Amino acid sequence: MQTGAVSEQELIKKLCWKITPWLIFLLILTILDRVNIGYAALGMNKELGISMTMFGTIAGLYYVAYFVFEIPSNLILHRVGARRWIARIVVTWGIVTILTGFVRNTTELAICRFLLGAMEAGFYPGVILYFTYWFPAKHQAKVVSLLMIGSATALVVGGPIATYILSHINHMGMSGWRWIFILEGVITTLAGVITWFVMVDYPKSADFLSSDEKRWLEERIEREQKTKAGVLSVSKWGTLKNVWVWYFTLCYFGCIMGLTLLYFWMPQILKRLSSVLTDTEVGWISSIPYVCAIAAMLLIAFHSDKTKERRWHAGLSLAATVFALIGLTFTSDLLLSVVFLCFAAAGAYTYMVVFWALPTAVLGGTSAAVGIALINSIGNLGGFFGPSIYGFLADTTKSTVAGTYVMAAFVLLTCVLTVCIPRKFEQAAEEREK
């Protein structure tokens, strides 16, 4: 599309190269620091005497803190700018990650886990909000897919890296699981310092854009913000009681329930399937489902952008996750289980990409800051309830079957809710893009 002296296609390509790479790198770090507890558990649980119920609860405390601090964090970002606030987020969560490597008991581990969520709160929804400052709506699913590719990439490389550290680095009399937190935390803290110097808050401050490109982008974004206000006309705090914002929140909650099953329990699931697997081999095998997730995200998210259809792309993707989770309960074969885990990861991650194109299509300005944070914070409580319920049922029944069925039920509910989202939201986005 050509508009005046500005080529939309070339401008979006430039923004993708200038804006997204560093944010993808930061997202890789946040995912590594969030899920490394799942790999550390292979050595940590025995050393600290942690049961499955206790592990699920401690791992999920991250999401409780996320819930408490997310909306305030996103509002501060909207006020002070993404550069300084995201830099603060990254530095502080890196420091907490380092401290986790020095915990002496489950109480200190739980405190660090809660603090990690508190310090990191606002990062992911802040980045989603940040993208609405730079990218027109019809490109956002594609851009978020690039971000989510970074998330999946973190899990592709995270398993092998974490389990290598676990098995081979035991310096200064400290176990390998401690060095997972220390080494990854140091890298994150340094990245936070660099963030202060490399991010740009708004297009008007971007040296890499011409004056025509800045003008075109600002006018396009401003026009879209006005259109969004006509679809869901809510004030900043009115967002908190808007029924459709809560509907989106419920959808996100169910997806996170299923996704955290993969985040925190996959290493232990694989370890139980084959007692001959080493920790390093578990790390390599656990990366396979996320390679499949990357391929699925690219294919389906790009097709969703092309057709401008969101509900069925997201809903059917999540249906694959339901099928895969149920399939896991019928087999103890390692190869077949990995196949099911591939479908589960591909469906859940694809859903995450396409889903965010729906609420961001109808929320703008400060209502977007509150709405996106609300959806992400309460939705992420699924990351507390999911691991906690799964761990409790695993300890109670001495099997993972019951917990897996509960997760599958929540994911199925999310699938149904998503395809029932009114068509008017997609139509509003289409009208804006004409």
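# A tour of the predicted model

Start at Tyr 124, which lies in helix H5, residues 123-134. The model is a predicted one. With a relative accessibility of 6%, Tyr 124 counts as buried. Show its neighbours next. Leaving aside residues up to four places away in sequence, Tyr 124 touches Leu 27, Tyr 66, Val 144, Leu 147, Met 148, Tyr 252, Trp 356 and Asn 376. Asn 376 is worth a distance label: its C-alpha atom is 8.2 Å from that of Tyr 124, although 252 residues separate the two along the chain.

**The whole chain**

Zoom out and colour by secondary structure. The chain comes to 17 helices and two strands. It has 434 residues, and 62% of them are buried. Among contacts with a separation of 6 or more, 83% are between residues 24 or more positions apart.

**The largest cavity**

Five cavities of 30 Å³ or more are present in the structure, and the largest has a volume of about 120 Å³. Its lining has 15 residues, and those closest to the cavity centre are Arg 34, Tyr 124, Tyr 252, Tyr 263 and Met 352.

H9 gives the largest share, with four residues. Colour the lining by class to see 11 nonpolar residues, three polar ones and one charged one.

**Salt bridges**

The structure has six salt bridges, and one of them joins the side chains of Arg 34 and Glu 120, at 3.0 Å from N to O. The two partners come from distant parts of the chain: Arg 34 is in helix H1 and Glu 120 is in helix H4 (residues 106-120), 86 residues apart. Are these two partners buried or exposed? Both Arg 34 and Glu 120 are buried.

Next, select Glu 47 and Arg 178. They form a salt bridge whose closest N and O atoms are 3.6 Å apart. This pair also links distant parts of the chain, with Glu 47 in helix H1 and Arg 178 in helix H7 (residues 176-198), 131 residues apart. The accessibility of the partners can be read separately. Glu 47 is partly exposed, having a relative accessible area of 40%, whereas Arg 178, at 11% relative accessibility, counts as buried.

An α-helix has 3.6 residues a turn, so residues three or four places apart point the same way. Arg 215 is partly exposed, with a relative accessible area of 44%, and Asp 212 is also partly exposed, at 33%.

Show its buried residues, which include Gly 382, Gly 383, Phe 384, Gly 386 and Pro 387. Further along the helix, Ser 388, Tyr 390, Gly 391, Leu 393 and Ala 394 are also buried.

Just after H15, stop at Lys 398, which takes a positive phi of about 60° although it is not a glycine. Lys 398 lies in the loop between H15 and H16. How does its accessibility classify it? Lys 398 counts as exposed because its relative accessibility is 71%, and the cut-off for exposed is over 50%.

Finish on H16, residues 401-419. Its 19 residues reach 27 Å from the first C-alpha to the last, close to the 27 Å expected at 1.5 Å a residue. Select the buried residues Gly 403, Thr 404, Met 407, Ala 408 and Val 411, then continue to Thr 414, Cys 415, Leu 417, Thr 418 and Val 419, which are buried as well. To see what covers the buried residues of H16, display H9, H11 (311-328), H12 (334-355) and H15, which are among the covering elements.

Conventions
Residues are numbered from 1 along each chain as its sequence is written. This is a predicted model: local features need pLDDT of at least 70, side-chain atom pairs count only at pLDDT 80 or more; totals for chains, interfaces and linings use all residues. Side-chain values use heavy atoms; hydrogens and water are left out. On a 1 Å grid over the protein atoms alone, a cavity is a set of points where a 1.4 Å probe fits but cannot get out, and a pocket is an open set with protein on both sides within 12 Å along at least five of seven lines; lining residues have an atom within 4 Å of a point. Grid points are joined across faces, edges and corners, and a volume is the space filled by probe spheres set on the points. Ala, Val, Leu, Ile, Met, Phe, Trp, Tyr, Cys and Pro count as nonpolar, Asp, Glu, Lys and Arg as charged, and the others, Gly among them, as polar. Buried means under 20% relative accessible area, exposed over 50%, partly exposed in between (1.4 Å probe, protein chains only). Contact means heavy atoms within 4.5 Å. A salt bridge is a side-chain nitrogen of Lys or Arg within 4 Å of a carboxyl oxygen of Asp or Glu. The expected span of a helix is 1.5 Å times one less than its number of residues.
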